[in-house]
Amino acid sequence: MTRPVDTATESRREAELMQRVRSGSMDEDELAARLPAFPLKLQIQTASPCHAACAMCPWPDTRDELPQGRMREELFDLLVGQLAGRGVERIGLFLMNEPLLDERLERFVARLLAREPRATTVIYTNGERFTPARAQALADAGLREVDVSVVGFEPEAYARFMKGVNREKVLSNLEGVAELVAAGRLGTMSVRIVGLDMPEAVVGLPAFRARFGLPVELKDVTNRAGLVDVERFGVEDPSGRPFRACQRPFVKAYVLYTGDVVLCNCDWRRTTVFGNIARRPLAELWRDAWLMEVRRQHLRARLAPDSLCARCDYVRLA
């Protein structure tokens with residue numbers, strides 16, 4: 001079953017803050033006082049490429065528009081130093097990419113947790129490179145969660161949505177990983193399947209879940225700030241639904257491989273950049289005047305017409 005947007009990873013601090021934001025009674029002074037001093041959540045793009053061309057993803061249309069590359073290890077260490085001890089609850093070592101293309105990932109996880117051991121570390125992958133051996137290495141490094149994207153539980157639907165991903169390889173990987181999970185070999189690392197709630201994509205879900213014995217969660221498909229036409233997937237346009245302030249500007253920061261901080265994970269074209277962590281620390285960027293204005297717009301439910309947020313349907317999904 002689908003659940004309200006992002007409640008699956010919502011902490012008590014986030015829930016309480018967003019309840020106030022969405023209450024309609026919070027003013028700008030209270031926002032400034034209650035806003036966390038540092039992001040509660042963080043996504044880090046250690047490398048930007050992906051080898052797939054999934055139909056519901058902007059990557060195939062945007063990959064050649066801007067430079068792509070890998071984060072320098074010195075820059076990663078600088079970022080880790082900036083977030084250490086700041087109470088970040090959840091850190092995704094992925095952002096608009098396929099994280100397992102980066103062979104340094106296990107090392108990055110271990111270095112991150114050495115400085116901030118309380119954080120929950122997570123990746124989101126298409127699963128083609130999520131072999132049992134890689135799963136074991138990630139678990140040994142301390143990674144806490146792996147979400148494997150499976151959009152289409154039947155072969156025909158999978159081929160339509162997960163273009164460029166070898167389904168048989170993914171299924172073979174999942175069988176081996178599921179055995180490791182069942183045997184307790186992965187320790188505290190959890191593995192779940194994440195699909196999208198589209199008519200064609202949910203056919204065969206019970207049989208798929210029974211085959212692997214891994215938890216399966218469905219999420220709403222979104223238009224990624226206007227970059228994806230969701231109606232062609234048989235999904236209703238939510239534009240007529242009530243506005244719901246997005247939690248992302250209030251609790252989460254997104255760092256590209258260059259060190260640039262973008263508004264959110266829908267900013268595939270990097271149109272809204274608040275600064276670079278090598279020139280201004282993330283704690284300072286988090287309170288940037290431009291980002292504070294974005295928050296005020298969500299608080300007032302009046303988004304700038306030409307903004308990334310105004311093009312996004314995420315604020316209509318509840």
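User: How many residues line the largest cavity, and which lie nearest its centre?
Analyst: Bear in mind that this is a predicted model. The lining of the largest cavity takes in 48 residues, and F94, Y124, K219, R224 and N265 are the ones nearest the centre.

User: What volume does that largest cavity have?
Analyst: About 1100 Å³.

User: And how do the lining residues split by nonpolar, polar and charged?
Analyst: For the largest cavity you get 25 nonpolar, 10 polar and 13 charged.

User: Which strands and helices supply at least two residues of that lining?
Analyst: Strands β1 (41-44), β2 (90-92), β3 (120-125), β4 (145-149), β5 (190-196), β6 (216-219) and β7 (252-255) each do, and so does α3 (59-62).

User: How many cavities of 30 Å³ or more are there?
Analyst: The count is four.

User: What lines the second largest cavity?
Analyst: Its lining is C246, R248, P249, L263, C264, C266, H298, L308, C309, C312, Y314 and V315. By type, that lining is 10 nonpolar, one polar and one charged.

User: OK, switching to packing. Which residues of helix α4 are buried?
Analyst: In α4 (residues 73-83), the buried ones are L75, F76, L79, V80, Q82 and L83.

User: Why do they end up on the same side of α4?
Analyst: They span an arc of only 160 degrees around the axis, so they sit on the same side of α4. As background, an α-helix has 3.6 residues a turn, so residues three or four places apart point the same way.

User: What do those buried residues pack against?
Analyst: The buried residues of α4 pack against β1, β2, α5 (105-115), β7 and α11 (282-285).

User: Now aromatics. How many aromatic pairs turn up in the whole structure?
Analyst: Six. One of them is F161 with F233, edge-to-face, at 5.6 Å centre to centre and 70 degrees between the planes.

User: Which parts does the F161 and F233 pair tie together?
Analyst: F161 is in helix α7 (residues 155-161) and F233 is in the loop between β6 and α10 (248-251), so the pair links parts 72 residues apart in sequence.

User: Are F161 and F233 buried or exposed?
Analyst: Both are buried.

User: And which residues form an aromatic cluster?
Analyst: F153, F208 and F212 form one.

Key: Residues numbered from 1 in each chain as written. Predicted model: local features only at pLDDT ≥ 70, side-chain atom pairs only at ≥ 80, totals over all residues. Heavy atoms only, no water. 1 Å grid on protein atoms, 1.4 Å probe; cavity = no way out; pocket = protein on both sides within 12 Å on 5 of 7 lines; lining within 4 Å. Points joined across faces, edges and corners; volume = space filled by probe spheres on them. Helix = DSSP H or I, 4+ residues; strand = E, 2+ residues; numbered from the N terminus. Nonpolar A, V, L, I, M, F, W, Y, C, P; charged D, E, K, R; others polar. Buried < 20%, exposed > 50% of the residue type's maximum accessible area, 1.4 Å probe, protein only. Arc of directions from axis to C-beta. Contact = heavy atoms within 4.5 Å. Phe/Tyr/Trp six-rings, centres within 6.5 Å; stacked < 30°, edge-to-face > 60°.
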